[in-house]
Structure formats: structure tokens, C-alpha cells
Amino acid sequence: MTALRELTVDHSANPVGTGARPVFGWQITSDQPDTRQRSRRIEVRDLAGSVVWDSGVVTDDHSVDIGYGGAPLRPLARYRWSIEVETTAGRAESAGTFVTGVVDADWRGASWIGASQPTPAAPIVRGAFEVDAAPDEAYLVIAAGGLAHVELDGRPVDDSVLGPGFTDYDVVTQYTVADVTAQLAAGTHVLTAELGRGFYGMLGRNTWNWETAPWHDDPCVRLLLVIRGADGEQVVVTDDTWRAVDGATTSDDLYAGEDFDARRRVVGAGSAGTDVSDWPRVRVATGPAGAPEPQRQPPIVVAGHLEPESVVELGEGRWVVGFERVVAGWVEIEADGAAGDVIELRFGETLEPDGTPNHEDEKGYFDGRFQTDRIILDDTRETGPLRWHPRFTWHGFRYVEVRAPRLPRLRAAIVHTRAPRIGRFSCSDPLLNTIHELTVRTILSNLHGIPTDTPKYEKNGWTGDGMVGARMMLQNLDTHELLAKWSADIAHSRHGAGAPQVIAPHGGWRMDWSPAPTWHSALLLVPWEVHLQRGDRDVLAAVWPDARDYLRFEIDRSPGGIAETTLGDWVAPDTDAGGGNPPEDARIAATAFLIAMCDTAARIAVELGEPADEWLAAAQRSRAAFVATFWDAGRAEVRGVGDDGYRQAHAVLALAFDVLPEDARQPAADRLAADVRDRGDHLWTGALATKHILPVLTRFGHADAAVAIATQTTFPSWGHWVELGATSLWEHWKPESRSRGHYFLGTIDDWLYGDVAGLRPLAPGWQRARIEPGVTATALSEAEGAVRTPYGDLSVRWRRGGAGLAPDELELTCEVPVGVTAEVVLPGVRREVGSGVHTLRAHA
């Protein structure tokens, strides 16, 4: 049987709030092997059933990112689309829906509004309106300078939190669209929005200068509600007739935490029967200058909860509540007490020697307190228990110190961007399975609209971190749109000139990290990885003007083809536990990444139909300069000025990016493997080179060395963290590591998928793939893995020996989705297969 599944519009199922020219996708399933799509036909209809676009029958096998080709779509309107395909195994059809955003850029007169007299408190703005009858469709558009918690008649309009998305507000302002059709009936209704500061209106000083960002202002919101029914269209907008009042959240800061005074709760703010005539009118605000765009990345949500694992009483009115692992989010409390009772919550990832959570700002990045929430109770005998959690901040924590007259009931809320798991991995070694799980957990803890670099300390989108982590994000989790959005953030950080910033979005941080091509490379390498994993060509086209111009700038400031950087192989084992560059010549990493960027630019140019000669020539010049400057053929070593002995990272990056001549690569890899052995089977790399060391060793015939590093349990290693009780990944190899929620050393996961399971894309979107486990003759005896390609799940399972097999015999079973062709490679066996389930055997 042939069927269609996983229908998407703009890479989401039945989305609400698409762009003006959506793209469509689908997956084909079939019980017949080697099924191929022969033709397709897409039809789009409006709510009345009229056809607005018919693609006609198109004879090809394309099923990913098929662009809408009809007349302009109406704004804030629901459409039904259908797809019919003809395959070699028969015909199939299916249908879905989508709702457009403000695709005509007409906000119907909606104004930006905020508190009449801004204070540190989070204001609540309110507007009421009448509806004559239940509507056929109703859509609410939400844009904010900062964060907005929006309710209709006292109920949240969706399950999102900490939105809309964070951007460079001078370039782009994101909005979300909520379908509120089911929440409206005839009668009076009330819209309210409580406004938080986020990165838009931060008041506390911080080292990244968010408090003085170019867009900085008090929080504001713009709402547009469009209601359609039998009697036509009704529009409700924010304007100067709305009312505002300070709410019970008396201060909010992404780093410091939140204050809440229950005595100031605004009872009935969302009720039509509440008299608000004494509330002052709102202030019409200027609002963000950035162009409005629909929020493309999935929303941040409460993804789960953890109950306390331990409670330790430290003394009168002081407890430490522990949870099973490090998470990002907050705690939900239920508290009883007298009016004026204070509850203070201090969040930390680790415990100090005295048993209290480490909630300190060790580096002095912020003024005042850090990771602390304070709640003042009203008289709960009259109002009932207070149920509370913050709305405008999140924390990185495993432990919470509670200071209160009595211990409230607590549970941890896990908060991150909605990113379903789309990959899986396991193998015969339990340690590697644990490391994989900790990696995925830690990535999730750092997805908050952008990839962040610790939920506790920074919450910033460091470009180098996301660059090394992009592949494992995309293979494990549905992060396509998040990383596509963030790629645009990186491009926007240039503001049309020079290099991108090292954090994106960027709020005018006055520290100059230039030059840093190792981190700037994210402008090319992240969108290319999105393209490679998901087949998204638009992400390349969107960033290419900035990427191209930046790369020319970088080439021009790299005399003779040798580049320099302020950021080298960060957090190598011999650096300070607080972070830093290792004692080695950073020009080697800088030049290797310059070459990688030039190679990638050439690939992007080809994809976009442009000449690649400029980039190939620049790469050739830098390769020649690299070899002349750094390659010691006699020692088979890549050596720089000021190196402290042999540096693994130099060889790793030179081999990973094919910098060395062909005849030099195997000797360099052999020398690298010898150093690994000399160090007792340990790596000695930081964030940049750790990503590549295991794949490089495996590629050049040293899979045993790669497995020995991967399964090591003494310093420095992932297993050492596990031996020390890690429940997440750390920022540094050393036990004194500052952050316990940092993913950038977890890139062993690339190797787990690519070499242990053996899954690698050969063409964008995995349309062609290679299945070639590289560790079948090592201590590992079996593995399985799967990645969800745009065409469906590509999976593999292999084992050596065991039931029905000779001790050295291999059996590999793979399942290939329709639309993918896979090259399966085992020792002495190479076979190309189409869709279906395939089993091969060979001898290790």
C-alpha cells in the first residue's frame, strides 16, 4: 500500500501564521521496494472551496520545499491544500491546512501600546470588544517589544511561553498568530496582555550591554484580531482606548529573576464584568523598528515536569530541593501563608560545600542578584493557595534553595523550544548511550528561540557554539526552522558591513572580538548544514549576500592567505576551567576555518547557480600558505609559533577540512593517533577540534583509537563527567567547569551517528546517503541509529557475531524511505539500494 504522511507547510504541520509564499512537503510510504514518485499535483483552496492554485501534474520526484505558485494569498485566512502523487507502486493523496500571517503588511491601524507610566513592574494592557455571533474563523496576531503573555477572557490563547521570538528588533520583529475561533461566541470578550522585558527592555546592567541596546525601550505590544463570519469581517486592534495597570510581577530580568507580589494581583483582569474605568489609558509606543515577520521557529513551551528527588533542611526556614538532573526552566510552587510572607528561590546547577546551590555570578557579569525569584504572599486563608511560576525568565538548575516561613510544594518545569526528537542512537556500550542521552538533554536545555550557550549564565547565541553543534541539533531534534531563523540573525548582526558578531542576535555589546573567523564561520557553515540535512535551499539564498560579502572581507584581512583569531580551540583541557584559548598558535585554527568557509562558499555558489571560481581560488591560496607555514613533513606535524608541544587540534582541523596535500594526510593522522596513545587514549582538544577528532581518526584507519577516546573514563573525557555524576554536558573538561548545561563539547554525537551507526548524507536533504559503519572491527559489537530525513526515517542496525552469525561475521539491516537512494558499504561489500528494508552480510 502506498500512502502520504507528514504533510508540511513551511516545514510545519497545519501551521497558523505562514509567510506569503509557503512551501509544501510530504513523505511517501510504500510496502513495495524501490518505490519512486513519478508525478505530483498540488491544489490549494480557500475556506469557501474555491481553487486559488492548481500546480497541474508535474512529472518529477520532488517532494520537499515545493513553492506556492498561485496568486497572492489573503492575509489571516485559512486554506486547504491537497497533494496527489503517482508512484511506481500506485497513487496516493492527502490533505492539510494552513493559515496565512499578515502577508499584506496591513496591521489595520493596530498601535504599539504599553504602560501609561512605565515602571519596573510588568504592565497588563486590556481591551474589550463585542461579537455578534460565533465566527467561522478568528485569528489573533501578537507582536511585542519584549515578551507578552496574552489571554482571551482570562485563558491563554495558546501553550507558548516566553514569546514572541527574540531578534535584532531594529531589523526584524517577529509576530505569532493564534487561532482563537473556538474561544469566541456571541457576547463581550476581553483581551489582556502582560508584558515582560526580555532582551528588549532589560534594566539591569550586564556585560553584554543589553540594557543599552539600540532598540532599548519599555515593553510594548501590538495586537490584531480578525474575526470572520456570516456577517462579514470584524477587526479588533490595540489603540489608545485600551487600559493599562501594573500587575503583580513587580520586576523581571532574564538573568536576575522575577519578583511577584500576590497582594497586587489584578483580580478579574480578563473578565468582561470587571470595571476598569479607573485604569489609566495606555501609552502609544514607538515600538520596534524591525520589519514584521511571522515567527518561523516553533514556540517555547513547558515540555515536561520533574518532581523533587530530595529535600534537605539547612536550618530554620531554609531548604534545598533537588531534582534528578540539570534542566532549563523554572519551578512551579503552591504555597500557603500569611499576607507579607516572603518566599525566595535561589537556583543553581551544583551545590557549594555548605550544601547550598551555586547561584552566584562568579565573573561579575551582572549587577545585583542572579538566578533568584522572590514571591510575597497574600493571605491564602482568604484567597486559597498561591500557585505561581515566573512568566518572563528561565533558569538553569538542578537545585533550588528555598527560604520561607514554611516549605511550599514545588515541581520543576522543563522549558525549551518545542523540538520533537527525530533521531535515535544506541550501541553495545552503555557509556556511549549515556553520553548520547546527556547530549540531547543539554541541547534541549539550550533551545530558547535560538541556540543558547547555557541557560544559567548567558542565554546568548554564541555563533561558534551553534556552528559546532548544528549537525547534532538537526539529527536529533526538529531544529530546522530554529537554525534557519538563527542563520538570519547571524547575517543581520553585520548590519551590512564587516564580519558578523560573535553572538546573535546582538545588542551592541561593546567588547570587540574581531577577528574571529572561527566563530564568524557560522554565517556559512550553519545554513549549509541546514541545507545538507533538510534540503532547504532558501536558507542559503537568504544569507548569501551577507555571507559572500563577509567572506570577501575576511579574505582581504588575511594577508597571504593566513588568518588570525581571538577565539581558538576554546576550553581545551589545558585551559582555565572558566574558559580560554589553549597554548597554541591560533592562526592554524583561523586559517583552517577560512579554508572551510571558502570551500562552503563554493558549494553554496553552485547551489545558487553562481560561479564558484572566486572561492575555490581563495581556498587554494590559503591551503598553499597553510602548508608552507605550518606543515612539518619531517615530523608529520602541523606546528605553529608558541605551541606547547604537539597540539592535536592542529592536525585534526587540517585533516577535517582537507587542508593538507593528499600524500601528507595519512602520516598526519598516524602522528595524531600516536599522540592519542601517548596520552593514554585521551583527546587533548577544545570546542572546535573535539567535533572532528573521532571522525578524523576513524576515516584514516584508527577507529580503535577513536573508540578508546570515546569510552575513556578519566580526565579529560566524557566518561569522566559521567563518573563524576554528570546529568548533562559541561562547559569544560575539568571538574571545576563553570556551567553544567553546555553542549559544545558534546559533538561526539556527530561520530555516533556518522561512524558508529554509519549514517551520512551525500546530497542535500539526504536524497542520497551512505550507510557505512566505521567501527565494526573495534570493541563495539553492535549499533543502531535513525535520522528523520525530509523523505522519512532512514535507519540502520548492525551487529557482529551473536545469534546466527560467525564471531567475525557482520549483519546490517537498513530501512530506506521513498525518495532516498543509499549506498551501503561493509568490508568487501558495496551496494546501492532504493526504498525498503535491506539486509547485507560481510566479514569484519
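A salt bridge is counted when a side-chain nitrogen of Lys or Arg lies within 4 Å of a carboxyl oxygen of Asp or Glu. By this rule the structure holds 62 salt bridges. One of them joins the side chains of R391 and E194, with an N to O distance of 2.5 Å. This pair links distant parts of the chain, 197 residues apart. R391 sits in the loop between β29 (386-388) and β30 (395-403), and E194 belongs to strand β16 (residues 187-196). Helices (H or I, at least four residues) and strands (E, at least two) are DSSP runs, numbered from the N terminus.

The model is predicted: local features need pLDDT of at least 70, side-chain atom pairs count only at pLDDT 80 or more, and totals for chains, interfaces and linings use all residues. Residues are numbered from 1 along each chain as its sequence is written, and side-chain values use heavy atoms, with hydrogens and water left out.

The chain is divided into domain 1 (2-100), domain 2 (113-297), domain 3 (302-417), domain 4 (423-756) and domain 5 (768-843). These bounds come from an automatic or database domain assignment. The C-alpha centres of domain 4 and domain 5 lie 28 Å apart. Their contact (heavy atoms within 4.5 Å) takes 20 residues from domain 4 and 19 residues from domain 5.

The size of an interface is often given as the accessible area lost when the parts come together. Here, buried area is the accessible area (1.4 Å probe) that two parts lose on being put together, summed over both. Domain 4 and domain 5 bury about 1400 Å² between them, with 55% of it on carbon and sulfur atoms. Polar contacts between the two domains number 7 residue pairs, both residues at pLDDT 80 or more. A polar contact is a pair of N or O atoms within 3.5 Å; within protein, one must be able to donate a hydrogen and the other to accept it, and residues adjacent in sequence count only if both atoms are side-chain atoms. On the side of domain 4 that touches domain 5, the elements that give two or more residues are β32 (423-427), α6 (522-534), α13 (703-710) and α15 (748-757). The residues of that side divide into 8 nonpolar, 7 polar and 5 charged. In this division Ala, Val, Leu, Ile, Met, Phe, Trp, Tyr, Cys and Pro count as nonpolar, Asp, Glu, Lys and Arg as charged, and the others, Gly among them, as polar.

Strand pairing requires at least two DSSP bridges between two strands. An open sheet is formed by 3 strands in the order β1-β3-β6, with antiparallel pairing. The edges are β1 (2-9) and β6 (66-67); each has a single partner strand, so one side of each is left without a neighbour in the sheet. Between β1 and β3 (residues 23-30) there are 6 bridges. T8 has G25 of β3 as its bridge partner. Elsewhere, β20 (residues 249-253) and β21 (residues 257-261) run antiparallel and are joined by 4 bridges. T249 is the bridge partner of F260 in β21. A hairpin of 3 residues connects β20 to β21.

Backbone geometry was also examined. A cis peptide bond joins G163 and P164, with omega about -5°. P164 lies in the loop between β14 (160-161) and β15 (172-179). The bond from A504 to P505 is also cis, with omega near -5°. P505 is placed in the loop between α4 (480-492) and α5 (517-520). N209, a residue other than glycine, has a positive phi near 60°. Its place is the loop between β16 and β17 (220-229).
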